[in-house]
Amino acid sequence: MSLTMRAWFRGMAAAFEAEASAQALSGILLLAMIIYTGYTIPKASMIGALRWISYANPLRYGFESIIANEFHTLNGTCSNLVPQGPGYEGVSLSNQVCPTVGAVAGQSIVDASRMSGGCVCPASPDLLRSLQAIFRKNFGIVCAFAVGFVVCLLIFTEYNTSVAGESNMVLHKRGSKAAMLREADPVDEEKSLPSSQAVSDPDKEVADRALATAPAMKDFFSWQHLRYTVPVSGGTRVLLDDVSGYVVPGKLTALMGESGAGKTTLLNVLAQRVNIGIIEGDRLVNGQQPPLDFQSQSGYCQQMDTHIPTDTVREALRLSASLRQPASVPEVEKEAYVEECLRMCGLEAYAEASVGSLNVEFKKRTTIAVELAAKPKLLLFLDEPTSGLDSQSAWAIMRFLRNLADNGQAILCTIHQPSAELFQIFDRLLLLRKGGQTVYFGNLGHNATTLINYFERNGSRKCDPAENPAEFMLDVIGAGATANSNVNWHEIWKNSPEAVTTQEELEGIHTEGRSRPPVAEAFHSEFATSWLHQTKELLFRNSRSFWRDPTYIHSKLVLNIFGGLFIGFTFFKAKNSQQGTQNQLFAVYMATILSAPLSNQIQVPFINTRKIYEIRERPSRMYSWTALVTSQFLADLPWNIFGSSIFFLCWYWTVAFDNARAGYTYLMLGVMFPLYYTSFALCVAAMAPSAEIAALLFSVLFSFVLTLSVLSLHFHANTTKSSTATVLYNLSDSLVGGNGCIASLRIHT
């Protein structure tokens, strides 16, 4: 059964593009499998139109075999014979019967095989006559289901290639007046995605004017004798070893080295984005200690462009400006600066385009624009801004960074094996080798002549005039794929006049900087804005994201509608009898089971949003974790209450519950229960590293909660009830507890 159901779940996942759609249909089908195993509702109580589900249900055959195998050798003593009590003291056993399925009148011992046969397959005497035949038949049927599900998995995997073949069409906000929409042919994708040259050239003058008006950076950032050690198994490891350098406004500094040399590590250490290990040395702003809110006053563009895919470019920039600029700045001024950033980055034509539909180049432009919208006062860090770009897009990004630097921005960025043309854009270079040791720091010179002369003067081979200087220097220090060097270039650097000059320049920068007042803290708290403002902005963003993801909303509503109708018609017009009352109890119980797939739907977007928070927004001190969780809860809750309300309308009167009890039932099932499972799902998701682990952890905890819930319904007040048990108790007692015809079925706690 485990292999069969695993194949079924994999097949369901392969059949859909989005997680929410797969979870909606699998939730409904799994609900049908659970109900129609033969235990929740006996075959005699199944309506004819849905009885076929029990025959197409692999769980039914596995459950039937397990129950028959476990019970057919057991005999139980009846604990409650009827009639008994006052007035029946002298009644003999021959005139009594055990009120249990499978019991025989006049016997106090119940044959468990009769009981299992009645529960699983009351209409089939074969279960009692030939258990071996039943086992063989059911085993073969379950194996056939497993093969069928695997075949479906292979078919769906083969033909459901929509994810791999996604269109590159840029999606604009409805009603936007983007110039691209007027110029592009809606049928021709190549025209709808113009090259960077075609888009940026007409707007070059506008971008240049916007760059000229951008606030220039005036502070010098430096680091001296930096050493970074991290704990490893069996000791420690040095990742950065005596690294010194500086970044000045108006200069574009490259940070290069072979893979594993510590480029990104140095960038993270300088940006104060590491939380393990020991950092030695000085990181200074104008020769003085950096302000406590250094992370807020600097911009950091990571290699991966992490954004909410449904947000437009303008909305992403506005959120960054609103939450990262000081609260004293009016919102009108922040929005005006956002428009300047759009012009600076050449994104005006894409201002109303969703970030998720942009190509790699414009996503990178958006990432840079988001950081610029925060008005960083000190410098801008970039981690491999050309990674994943073609040559034309890489040139466009580097030309844009060059324009930023020419207009007073201080920029430090890592780059991996640039072309000769891209390498010429940089002013200065910090070159590292493995172990985080400095090989060179200084100016590049025209056509990198200063760098080439340094290496040739210290014993390297000659650089061919047609050779890429970036590849030449990496080959010389032994950083290439096939390169090898016996020269200790780190020792050569430490003893070189260039290293002495660098230290003298650092001392000069520190001396000149200490004559200025220290850089003041822009914020006197951890975040730039208040908690309420953060929650409000995030609530708008999350609500907007849900609204623009119709698959998520439709899946949630479909699951509630079809789940309500399915449970309602399964227990259609339950009668006022022993079996009818039991059917009503199971109708209430199965209504709470629906919260499992609904909770799994909630967890996926929450974890996706949390990844963006952990990767980009938390290190930038953009907003509080509690604001994110609160906004996510408040954004999801109305949809969950709305879905539960629709479920109630489809479920309540179909089962034929009493009209007089509808109000309280709606309060518990339509309002209180969504509050419970929404908070429970987010709580589990918050402690899980991924959506897969969250679903697994939720299944374990939810199974535990359900077990306690069922037990608490059958024991007295000493039992501690979970929230699910409280809902079940209140609903069951309200809907069924007043039924006078079957007093023995009333639930007491």
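**Burial, bonds and confidence in a predicted model**

Reader: Why is Cys 683 called partly exposed?
Author: Its relative accessible area is 42%. Buried means under 20% relative accessible area, exposed means over 50%, and partly exposed is in between, using a 1.4 Å probe and protein chains only. Cys 683, at 42%, therefore counts as partly exposed.

Author: A word on where this comes from: the model is predicted, local features need pLDDT of at least 70, side-chain atom pairs count only at pLDDT 80 or more, and totals for chains, interfaces and linings use all residues. Residues are numbered from 1 along each chain as its sequence is written, and side-chain values use heavy atoms, leaving out hydrogens and water.

Reader: What about Cys 152: is it buried, partly exposed or exposed?
Author: Cys 152 has 33% relative accessibility, so it is partly exposed.

Reader: What kind of bond is a disulfide?
Author: It is a covalent bond between the sulfur atoms of two cysteines.

Reader: Why are Cys 78 and Cys 98 called buried?
Author: Cys 78 has 15% relative accessibility, so it is buried. Cys 98 has 5%, so it is buried too.

Reader: What makes Asp 305 and Lys 364 a salt bridge?
Author: The rule asks for a side-chain nitrogen of Lys or Arg within 4 Å of a carboxyl oxygen of Asp or Glu. The closest N and O atoms of Asp 305 and Lys 364 are 3.3 Å apart, so the pair qualifies. Asp 305 lies in the loop between strand E7 (299-301) and H14, while Lys 364 is in helix H16, so the bridge ties together parts that are 59 residues apart in sequence. Asp 305 is partly exposed at 22%, whereas Lys 364 is buried at 1%.

Reader: How many salt bridges does this rule give?
Author: The count comes to 31. One of them joins Glu 348 to Arg 343, with closest N and O atoms 3.8 Å apart. Glu 348 is partly exposed at 36%, and Arg 343 is partly exposed at 22%. Another pairs Glu 617 with Arg 616 at 3.5 Å; here Glu 617 is buried at 1% and Arg 616 is buried at 9%. There is also a network of salt bridges linking Lys 173, Asp 311, Glu 315, Arg 544 and Arg 548.

Reader: Why is helix H14 said to be close to its expected span?
Author: Helices (H or I, at least four residues) and strands (E, at least two) are DSSP runs, numbered from the N terminus. The expected span is 1.5 Å times one less than the number of residues. H14 (residues 313-324) has 12 residues and reaches 17 Å from its first C-alpha to its last, close to the expected 16 Å.

Reader: What makes H14 mostly covered?
Author: In H14, 11 of its 12 residues are buried, among them Val 313, Glu 315 and Leu 323. What covers them includes helix H15 (331-344), helix H16 (360-373) and helix H23 (531-547).

Reader: What is a nonpolar core, and which residues touch the most other members of the largest one?
Author: A nonpolar core is a set of buried Ala, Val, Leu, Ile, Met, Phe, Trp, Tyr and Cys residues joined through side-chain atoms within 4.5 Å. The largest has 99 residues, and Phe 381, Leu 429, Leu 431 and Phe 455 touch the most other members. Helix H17 (residues 391-406) gives the most to this core, with 7 residues.

Reader: How confident is the predictor?
Author: pLDDT is the predictor's confidence in each residue, from 0 to 100. The protein averages 81, and 84% of the residues score at least 70. Over residues 179-200, however, pLDDT stays under 50. Where pLDDT is low, the predicted coordinates should not be read in detail.

Note on methods: Contact = heavy atoms within 4.5 Å.
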